[in-house]
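Please look through the structure shown here and follow the description one part at a time.

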Amino acid sequence: MEYNFIVEQPVAYRMVKNALKKGSAHAYLFHGPKGTHKLEMAMVFAQSMFCEHTSDGMACGCCDTCLRIQQGLFADIILVDGEKVSIKKEDILHIQKEFSTTALEKYGKKIYILNNCENSTAAAMNSLLKFLEEPEGDVLAILCTDQLERILPTIVSRCQLVPFRLSDYQVIKKYGIENGLSELDAHLTSQLVSNVTEMENLVKQEEYQTALSLWMGFMKKCYEDIQGGMLYLMLEGFHAKTKYSNKEVLELFLNIGVIFTQDCLYQRKVESEDWTKLIADYSKMNISSQKLLSILLSIKDRSLRNANVLLTVDQLGYLLLKEVN
Ligand SMILES: [Zn+2]
């Protein structure tokens with residue numbers, strides 16, 4: 001299983017791995033800004049305790065046990081989310097009651113996850129505190145919050161703190177959006193250049209707009225057939241007489257392609273209808289996203305060494321067609 005947050009949350013990942021290897025504490029508090037994958041990490045942490053096909057200590061994410069946990073059908077893991085409705089005292093008492101009976105599954109360990117746990121009533125926080133003070137049996141608590149300052153200090157002090165941070169890319173993407181870029185432009189340019197001014201400049205460039213629309217058109221055609229996709233590229237983008245720099249468009253086109261395939265591979269969410277649809281339709285492609293990524297990377301390499309744009313595009317077509325035939 002590919003977990004994108006492993007790259008983005010090295011500190012949290014290391015702490016979770018250590019806990020899995022050396023035995024866990026009774027309670028963890030995952031804290032950090034929104035969008036830093038705290039709940040995803042909590043789920044994988046919980047899955048890894050039960051999965052029988054772990055690799056390097058981490059859950060496989062696809063066995064029967066992992067899937068049941070993911071779908072909330074595993075009796076010894078309870079998830080309560082305070083995102084929309086606050087967590088109430090009854091929710092905590094319910095967990096306590098469920099866990100006081102003998103283990104329902106065969107393992108003995110029981111885990112509860114409270115997501116957005118800052119959104120709990122005062123009575124719920126007090127019950128939680130009592131529960132943390134007097135744990136019964138092999139119970140593990142994973143609390144997740146965007147607002148550490150809203151959690152009772154007495155609760156915080158009973159948990160092992162696990163920090164989550166926005167990655168550099170997420171930080172500048174956020175600035176980009178605050179500065180008026182669309183979610184998709186911010187998503188792409190934050191991975192292409194290193195600051196907001198450059199992002200804004202890039203979005204204004206015709207080469208960038210052309211490369212983006214070429215990539216989207218190319219993928220749509222490729223979903224039907226790859227030959228059609230290549231023809232589209234030749235006619236719409238990379239022929240001898242275009243007014244913009246072919247070379248620059250090709251580099252942007254390939255870089256956007258790499259980001260796109262990574263989005264498919266890691267199931268990254270981008271708030272853009274067109275982009276999301278393009279990702280959802282990827283299953284129509286006869287080439288795995290892993291394979292497409294490696295083709296694009298090798299073409300990027302070539303394009304750096306070889307100045308001839310048309311030859312490089314030809315190579316792309318050759319490798320893609322070789323893969324499907
Ligand atoms: Zn598994």
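Two residues are in contact here when heavy atoms of theirs lie within 4.5 Å. The model is a predicted one. With that definition, take Met-216, which sits in helix 11. Leaving aside neighbours within four places in sequence, Met-216 is in contact with Asp-274, Trp-275 and Leu-278. Is Met-216 buried or exposed? Its relative accessibility is 11%, and the cut-off for buried is under 20%, so Met-216 counts as buried. Its C-alpha atom is 9.0 Å from that of Gly-257, although 41 residues along the chain separate Met-216 and Gly-257.

As for Phe-260, its contacts beyond four places in sequence are Trp-215, Met-219, Tyr-223, Trp-275, Leu-278, Ile-279 and Tyr-282.

Next comes helix 12, which covers residues 226-237. From the first C-alpha to the last, helix 12 reaches 16 Å over 12 residues, close to the 16 Å expected at 1.5 Å a residue. Ile-226, Gly-229, Met-230, Tyr-232, Leu-233 and Gly-237 are buried in helix 12. Seen down the axis of helix 12, these buried residues fall within an arc of 155 degrees, so they line one face of the helix. An α-helix has 3.6 residues a turn, so residues three or four places apart point the same way. On the other side of helix 12, Gln-227, Leu-231 and Leu-235 are exposed. What do the buried residues of helix 12 pack against? They pack against helix 11 (206-224), helix 13 (246-266) and helix 16 (309-324).

Helix 15 can be read in a similar order. Its 17 residues should span 24 Å at 1.5 Å a residue, and the end C-alpha atoms are 25 Å apart, which agrees. In helix 15, the buried residues are Ser-289, Leu-292, Leu-293, Ile-295, Leu-296, Ile-299 and Ser-303. They cover an arc of only 165 degrees around the axis, which puts them on the same side of helix 15. Leu-304 and Arg-305 are exposed on the other side of helix 15. The buried residues of helix 15 pack against helix 11, helix 13 and helix 16. Ser-289, with a relative accessible area of 13%, is buried. Beyond four places in sequence, Ser-289 is in contact with Thr-261, Cys-264, Leu-265 and Tyr-282.

The last part concerns strands. Strand 3 (residues 110-115) is mostly covered, as 6 of its 6 residues are buried. Lys-110, Tyr-112 and Leu-114 point one way from strand 3, while Ile-111, Ile-113 and Asn-115 point the other way. Strand 3 runs parallel to strand 2 (residues 77-81), and 5 bridges join the two. Strand 3 also pairs with strand 4 (residues 139-145) in the parallel sense, over 5 bridges. Ile-113 of strand 3 is the bridge partner of Leu-79, and the bridge partner of Ile-113 in strand 4 is Ile-142. Together with helix 6 (residues 122-133), strand 3 and strand 4 make a right-handed β-α-β unit.

Terms used
Residues are numbered from 1 along each chain as its sequence is written. This is a predicted model: local features need pLDDT of at least 70, side-chain atom pairs count only at pLDDT 80 or more; totals for chains, interfaces and linings use all residues. Side-chain values use heavy atoms; hydrogens and water are left out. Helices (H or I, at least four residues) and strands (E, at least two) are DSSP runs, numbered from the N terminus. The expected span of a helix is 1.5 Å times one less than its number of residues. Buried means under 20% relative accessible area, exposed over 50%, partly exposed in between (1.4 Å probe, protein chains only). The arc is that of the directions from the helix axis to the C-beta atoms. Two strands pair if DSSP finds at least two bridges between them. A crossover is right-handed if, with the strands pointing away from the viewer, the path from the first strand over the helix to the second runs clockwise.
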